[in-house]
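Trainee: I would like to learn how to read a protein model feature by feature. Could you walk me through one?

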Amino acid sequence: MEFEVWAPSSERVGLRLGDATVPMGRDAGRAGWWTAEAPAGPGDRYGFVLDGGPVLPDPRARRLPDGPEEPGAVVDLGAYPWRHPWAGAGLTGAALYELHVGTFTPEGTLDAAAGRLGHLAELGVSHVELMPLCPFPGRHGWGYDGVAPWAVHEPYGGPEALCRFVDTAHGLGLGVVLDVVHNHLGPSGNHLPAFGPYFTEAHRTPWGAAVNLDGPGSDEVRAYFVGSALAWLRDFRLDGLRLDAVHALADTRAYPFLEELSAAVDGLAEEVGRPLFLVAESDLGDPRVITPRAEHGLGVAAQWNDDFHHALHTALTGESQGYYADFARAPLAALAKTLRGGFFHDGTYSSFRGRHHGRPLDRTRTSAHRLLAYAQTHDQIGNRARGDRLAAALSPGLLACAAALVLTSPFTPMLFMGEEWGADTPWQYFTDHTDPRLAEAVRVGRRREFAEHGWAESDIPDPQDPATRDRSCLDWSQPARQPYARLLDWHRELLALRRAQPDLLDPALAAVGVAFDEEARWIAVRRGDLRIAANLSDAPVEVPLGGRPARVLAAWLPGRTAAPGPDGLLRLPAESCVVLAQG
């Protein structure tokens, strides 16, 4: 078996295989690379010794059975017996479901999560979006402190468990998307700097030195992360990747990393004969991220749209702190703007940033499916002081209105796990750092952060307390009880309607119409011949829809379903919504 590693600054490199050390030789055709041949098979532990130092895990290890501080293990991913042929599932017309493996079930494993995939197939989503799976020290965490971008966290089940999960999902007709992190590695267990210039002090990020995408040695660093992305898609038969916080990628090269990555993914899609896609988390407000490369964009298929979330959240809750402030001044106007134009901040002044932000999308050329819409995400829940979901503060009626506005929007909708039944279990920030000093720094830092916003330190959950993770697990007894069961049925009904009604899959932003009354707190959205009306107030309202005949396709109403009267007015009870077909 051939072993290889990039270690450009080392004078001597050895392969530690079991108890033996095998000298490695320089690769004459690739600067900085070292290679060795040695007999090895699945399960054999190995690592690299640089200039007589300690044994370090392979930066490209596919399995780290004893954690990221220990040697890796040889694994043969090609030996997995795939049971279900899969032609792929593209992003157009999709509905995503964000899932954290460690809290989706009490067991917190990929196999346990796979056992619940039938629920998602019945729900009617098209793709499962897994939060990061890369190894990190400890057992439980969000996953954004991963340190081995080619491997699967062993407490989740390791690489074979991911194969089983994807195989099961595909057998149920579900695509699988994985959240990957290219903008930083975690603070503990990161050995990449020992191997080469993976990071640079030329740029600083919230996590410290930036990943080296544009300095000396950056060709190999880019190849490392591009190769990791392609390996996830190819070896585990994933359908797409979500790219964490691309606005934190420090890159000044003429050929941007995102463009290079999107080109590589498109090339792999052509090679394997099935659609593959990238979804970016971007705070740039820059349409070029999702503009095709042929039109001088970066070629990413889609991006999360926090502007839609912030507008919807302020309309539902009335919150106005922090980045919600600009949206809260006229939340329904903000929501209408995002529904018609994608971005709220499209060159407007952002009081949160203290500057103008964003630029307009071309409504006539940008497909709405390139923006993801959601009422809740792991960030928007978990970054709250107590990790409280919307269900902790809103009535079932307002949760139903949120679902209607998300799932009938022109965008690609996404739900966060448990949202479909109005789960009121929190999803809190939890960690399992094995370094006591780091654990204490995280604990103290989080409490100080929220103390600055008026929270008592005692009110902030301890991230290191195992109970914090346990509280964040879904309660699977809820969907069978009221009011959860009714909300679950509502989400199923809306997702089925989305699949059945071509008007709801029309990606033309220019075709979307919106009317609203800020004071009365109602909003009505036109999608072709369909009308979606929601009353967010605690009093009945009259919504003018015109005199065209209408029939009810779906309704969340306390009594019988309703359609507009002869006067063209739709009378909606408090905190209710309806989907109508006119004409």
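Mentor: We will go through the barrel, a pocket, an open sheet with its helix, and some single residues. Keep in mind that this is a predicted model.

Trainee: Let's start with the barrel. In what order do the eight strands close, and is the pairing parallel or antiparallel?

Mentor: The general idea comes before the case. Strands in a sheet are paired by backbone hydrogen bonds, in either a parallel or an antiparallel way. Here, eight strands close into a barrel in the order S9-S10-S11-S14-S15-S16-S19-S20, and the pairing is parallel. From one strand to the next, the twist averages 30°.

Trainee: How many bridges join S10 and S11?

Mentor: Strand S10, residues 127–130, pairs with strand S11, residues 175–180, over four bridges in the parallel sense. Helix H4, residues 158–171, lies across S10 and S11 and runs at about 140° to S11.

Trainee: And which residue of S15 is the bridge partner of Gly240?

Mentor: That partner is Phe277. Strand S14, residues 240–243, and S15 also pair in the parallel sense, over four bridges.

Trainee: Which residues lie on each side of S15, and are they buried or exposed?

Mentor: Phe277 and Val279 are on one side of S15, Leu278 and Ala280 on the other, and all of them are buried. Both faces of this strand, residues 277–280, are therefore covered, since buried means under 20% relative accessible area.

Trainee: Now to pockets. What volume does the second largest pocket have?

Mentor: The general idea is a rolling probe. Empty space shows up when a probe the size of a water molecule is rolled over the atoms. In this model, the second largest pocket has a volume of about 330 Å³. Its lining has 14 residues, and Met1, Tyr46, Asp58, Arg60 and Arg62 lie nearest the centre. Strand S1 (2–6) and strand S6 (45–50) are the elements that give two or more residues to this lining.

Trainee: Which element gives the largest share of that lining, and how do the residues divide by class?

Mentor: S1 gives the largest share, three residues. By class, the lining has nine nonpolar and five charged residues, with no polar ones.

Trainee: Let's turn to the open sheet. In what order do its five strands run?

Mentor: The order is S21-S22-S23-S27-S25, with antiparallel pairing. S21 and strand S25 (550–556) are the edge strands, each pairing on one side only. Between neighbouring strands of this sheet the average turn is 15°, direction ignored. S21 and S22 pair over six bridges in the antiparallel sense, and the partner of Val512 in S22 is Arg527. Helix H10 packs on the sheet, touching S21 and S22, and its direction makes about 175° with that of S21.

Trainee: How many residues of H10 are buried?

Mentor: Begin with the helix rule. In an α-helix there are 3.6 residues a turn, so residues three or four places apart point the same way. In H10, residues 331–341, eight of 11 residues are buried, and the helix is mostly covered. Among the buried residues are Leu332, Leu335 and Leu339. The buried residues of H10 pack against helix H8 (306–317), helix H9 (325–328), H12, strand S21 (512–517) and strand S22 (522–527). After H10 comes Gly342, with a positive phi near 85°.

Technical notes:
Residues numbered from 1 in each chain as written. Predicted model: local features only at pLDDT ≥ 70, side-chain atom pairs only at ≥ 80, totals over all residues. Heavy atoms only, no water. Pairing = 2+ DSSP bridges. Axes fitted to C-alpha atoms, helices over the stretch in contact; angles between N-to-C directions. Contact = heavy atoms within 4.5 Å. 1 Å grid on protein atoms, 1.4 Å probe; cavity = no way out; pocket = protein on both sides within 12 Å on 5 of 7 lines; lining within 4 Å. Points joined across faces, edges and corners; volume = space filled by probe spheres on them. Nonpolar A, V, L, I, M, F, W, Y, C, P; charged D, E, K, R; others polar. Buried < 20%, exposed > 50% of the residue type's maximum accessible area, 1.4 Å probe, protein only.
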